[in-house]
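Please keep the structure open while reading.

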2 protein chains.
Amino acid sequence: MKSKDQNTEQAIMNAAVEIFQSKGMAGARMQEIADKAGINKALLHYYFRNKQMLFEAVFKSALGQLAPEISKIFNADLSIEEKITAFVSYYIPFVNQNRFLPVFVIQELNNNPVFAEQFFSANALPKTEKFRYQLIEASKIGEIRNVDPDQFVLDLFAVVVFPFVGRPLMKNLLQKDDQGFDDLIQGRIEHVTTMLLNSIKK
Amino acid sequence: MKSKDQNTEQAIMNAAVEIFQSKGMAGARMQEIADKAGINKALLHYYFRNKQMLFEAVFKSALGQLAPEISKIFNADLSIEEKITAFVSYYIPFVNQNRFLPVFVIQELNNNPVFAEQFFSANALPKTEKFRYQLIEASKIGEIRNVDPDQFVLDLFAVVVFPFVGRPLMKNLLQKDDQGFDDLIQGRIEHVTTMLLNSIKK
DNA sequence: GTCTATAGCCAGATAGAC
DNA sequence: GTCTATCTGGCTATAGAC
């Protein structure tokens, strides 16, 4: 009774994720996605109508993977230190397993400002106010250094995400080979946790 | 006696920078560049032969703007603290004036790994060893906390560059409008300097 | 649901006049 | 050096058979 084959649809999505995430919307080719999925172009259009819709499905699924855990961590009933630790230890390995994901998201948001605007008015990102509120309260009572919570959240995402986004550049700047850079990533959870906690410690 | 008109060449470069940096190599259109430069497609090819070569000229000029000052700062005869301060105060305003530059560089390096490889074997990035060596020495004599210099350089670039690269995402996550995010950028030099110095202070 | 074949368009590149 | 006109290939998308 089903009008779409679940396996085919899944194969298409997997292929599309791979191609779109490594080449971007503009650089991706429907033919290449079809090849990777083991089908032909016509079937691709049968399932997703056109390139834009396939792209949006991939993009939405990409952000859908990133968002829920952010939300869970920042809104949990945890201390500041616990949240920082949880965020860093969860996200660094996750992004390490999905290396193209953050570049893809960032690239498309920057290249298609109109799409970005529409997307965010339809799909809200997780809220981080609770965590930022905790930071304000803690600095009020002198538990941590006086710090702008918005700046600190920026720092948090920066030190976690940037090494993956800027990998080709930083690999070269630090004169590492792939193995050497992977080693650096391995040590990053501990380094980043320590450095973030130190930066707000009194 | 000249075979190329300097003004035309400059007009093309300016237009190409703008289009390539905002849409990327794959998304850019030669027609759009020609229009913006006030000429036609044929002349574009007369000056730069093909799209790839025009792109490479733009890319090289982009990295050429970023590299020299990094080199100057990190190899200067300055203390660790002075280098951090100089780097942050120079680069945040610079990138703020050239917002598309880092996304463009990062995006193209990630989307074209082969090109990236070739590019870096022909054009070396600035060296940061002197700075990293200073960090090692300073932690040996107990002047600063024990810190992996590679990790610290990663942090340095992360906190400086990421807010521009991840702007559309972070703007949304922090629930800012454009003005609010610009204000955050304004306060960033001071915040980042303090936070980096704190993170290595004993 | 899946395929082959092809329409139709658009973009990069060139020919050739001025 | 700059233009108009055009070729050529490639890519999205659809028509239509099975």
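Chain A and chain B of this predicted model are joined by four salt bridges. A salt bridge here is a side-chain nitrogen of Lys or Arg within 4 Å of a carboxyl oxygen of Asp or Glu. One of them pairs the side chains of A:Lys176 and B:Asp150, at 2.7 Å from N to O.

On the side of chain A that touches chain B, H9(A) gives the most, with 13 residues. The residues of this side are sorted by type in the table.

| Type of residue, chain A side | Number |
|---|---|
| Nonpolar (Ala, Val, Leu, Ile, Met, Phe, Trp, Tyr, Cys, Pro) | 29 residues |
| Polar (the others, Gly among them) | 15 residues |

Chain A puts 54 residues into the contact, and chain B puts in 54 residues, where contact means heavy atoms within 4.5 Å. The two chains bury about 5,100 Å² between them, with 64% of it on carbon and sulfur atoms. Of the area that chain A buries against chain B, A:Leu154, A:Phe162 and A:Leu173 supply 13%, more than any other three residues. Buried area is the accessible area (1.4 Å probe) that two parts lose on being put together, summed over both.

Helix H5 of chain B covers residues 80–97; helices are DSSP runs (H or I, at least four residues), numbered from the N terminus. Its 18 residues reach 26 Å from first C-alpha to last, close to the 26 Å expected at 1.5 Å a residue, counted as 1.5 Å times one less than the number of residues. Buried residues of H5(B) include B:Ile84, B:Phe87, B:Tyr91 and B:Phe94, buried being under 20% relative accessible area (1.4 Å probe, protein chains only). Among the elements of chain B that cover them are helix H4 (51–75) and helix H9 (149–165).

In chain A, A:Leu101 lies in helix H6. A:Leu101 is buried, with a relative accessible area of 2%. Not counting residues up to four places away in sequence, A:Leu101 touches A:Gln21, A:Ala62, A:Gln65 and A:Leu66.

Residues are numbered from 1 along each chain as its sequence is written, and chains are lettered from A in the order in which they are written. Local features need pLDDT of at least 70 and side-chain atom pairs pLDDT 80 or more, while totals for chains, interfaces and linings use all residues; side-chain values use heavy atoms, without hydrogens and water.

How values were computed
Helix = DSSP H or I, 4+ residues; strand = E, 2+ residues; numbered from the N terminus. Buried < 20%, exposed > 50% of the residue type's maximum accessible area, 1.4 Å probe, protein only.
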